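Please look over the structure shown here before reading on. The points below take up its features in turn.

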Amino acid sequence: MYFRDLFILLFNFQMEYVEIFDTTLRDGEQVPGCKLDSKTKLVIAEQLDLLGVDVLEAGFPISSPGDFKAVEDISKLVQNARVCGLTRAVKKDIDVAAQALKPAKRSRIHTGIGTSKSHMRYKFNATPDQILERAIAAVSHAKSYVEDVEFYAEDAGRTDNEFLARVCEAVIKVGATVLNIPDTTGYCLPEEYGSKMKYLKENVKGIHKVRLSCHCHNDLGLATANSIAGVQHGARQIECTINGIGERAGNTSLEEVVMILRQHPSLNLDTRIKSQMLNSLSQLVSDSMAMPVQPNKAIVGANAFAHSSGIHQDGVIKKRETYEIIDPKDVGVTESSIILTARSGRAALAYRAKNIGYELDKLQLDKVYTQFLIQADKKKEINNDDLPKIIEASNI
Ligand code: KIV
Ligand code: ZN
């Protein structure tokens, strides 16, 4: 039983759901070198659907015939998630996205425009009123195709809150169902991003009718922290990618936000993600995109459940929870691992020796440990092939 389940049982808490909007196949796939062929996209989409994502952003249909086809094929395939297509606030983009999404059981058009001073001035050479008009026109046009329209205010992280609130209010009036508040450049501090959500909650008429969404980039390593701050201040959707892949330093990583909410039941927030699939999905995305996962990556890195220092190993062998806050099985990792290095102690050596059939008494262990340290100083890691040789060389 999860600690979370126990907490719910004891305190009779009703968890609120945060929707997971996966953009691995759109914001993630637009990274140089991560381009996928259409068959692989379908394999990943199917797994994301089984994982339990609420919304699956399948691509940017106007960007290329290949992306149009991918969004169309994913729309035919996906059984549970809502399939979403990205557009600019441009009529033709919206027409094409609507076409690609047609076969989907449930679809969403994701449209929007930059709202920060820098985007308005340098990208669009437009006044705030002109941007407002384009936002309204885009949402209205998207509404002529689908009920569910998500509006993004690009670079909302650096957008003046008052103007952002004006834009949000205007697009709600014409039917936006979700408001995406992207920290496009990964600039915000968690408190700042959280306050932005709070400001919108308190100052936008009609905000109760829509879902606020966090879309954070990781330029300062704050994407996950900002998304959590967002949901602590009222957002109920997080946009994220497997392994945190995405533009520049990446997007919020799906596995991190899911497990943060699960490990902190006092937040009273949860997702519908089947966390036992996280490790295999991480490997699938990493292999398909030839994008290795850093070994110390939270939740899915190769070392996330590996212990190598003597003090930690001794604790984990006695009781796993001394140094692990997550049961590895909950994220699809078979078991924690005890790595033998020159920093390991006797407890780890005895544990690993026992695992391969050698029960050592105290005297034997002392002798083997001396031999072990000599070898471990020469070699980075002592493996199961080395261990019998070390034991035999110890004359016990
Ligand atoms: O980072 C961003 O602002 C985006 C939008 C297109 C949603 O990816
Ligand atoms: Zn983005």
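1. Strand 5 gives the most to the lining of the largest pocket, with 4 residues. Strands (E, at least two residues) and helices (H or I, at least four) are DSSP runs, numbered from the N terminus. The model is predicted: local features need pLDDT of at least 70 and side-chain atom pairs count only at pLDDT 80 or more, while totals for chains, interfaces and linings use all residues. Residues are numbered from 1 along each chain as its sequence is written, chains are lettered from A and ligands numbered from 1 in the order written, and side-chain values use heavy atoms, leaving out hydrogens and water.

2. The largest pocket holds about 610 Å³ of space. Among its 33 lining residues, Arg26, Gln30, Phe60, Leu86 and Glu154 are the closest to its centre. Two or more lining residues come from each of helix 2, strand 5, strand 6 (149-154) and strand 7 (178-183). A pocket here is an open set of points on a 1 Å grid over the protein atoms alone, where a 1.4 Å probe fits, with protein on both sides within 12 Å along at least five of seven lines; lining residues have an atom within 4 Å of a point. The volume is the space filled by probe spheres set on the points, which are joined across faces, edges and corners.

3. A barrel is closed by 8 strands in the order 2-3-4-5-6-7-8-9, with parallel pairing. Neighbouring strands of this sheet are turned by 25° against each other on average, direction ignored. Axes are lines fitted to C-alpha atoms, for helices over the stretch in contact, and angles run from 0 to 180 degrees between N-to-C directions.

4. Which strand pairs with strand 2 (residues 19-22) over 4 bridges? The partner is strand 9 (residues 237-240), in the parallel sense; two strands pair if DSSP finds at least two bridges between them. Glu19 stands opposite Gln237 of strand 9.

5. Asp27 (OD), His215 (NE2) and His217 (NE2) coordinate the zinc ion (ligand 2) at 2.0 to 2.1 Å. Donors are N, O and S atoms within 2.8 Å of the metal (3.2 Å for Na, K and Ca); water is not among the atoms, so sites may look incomplete. Asp27 lies in helix 2 (residues 24-28) and His215 in strand 8 (residues 211-216), so this pair ties together parts 188 residues apart in sequence.

6. Leu340 is in the loop between strand 12 (337-338) and helix 14 (346-355). Leu340 counts as buried because its relative accessibility is 0%; buried means under 20% relative accessible area, exposed over 50%, partly exposed in between (1.4 Å probe, protein chains only).
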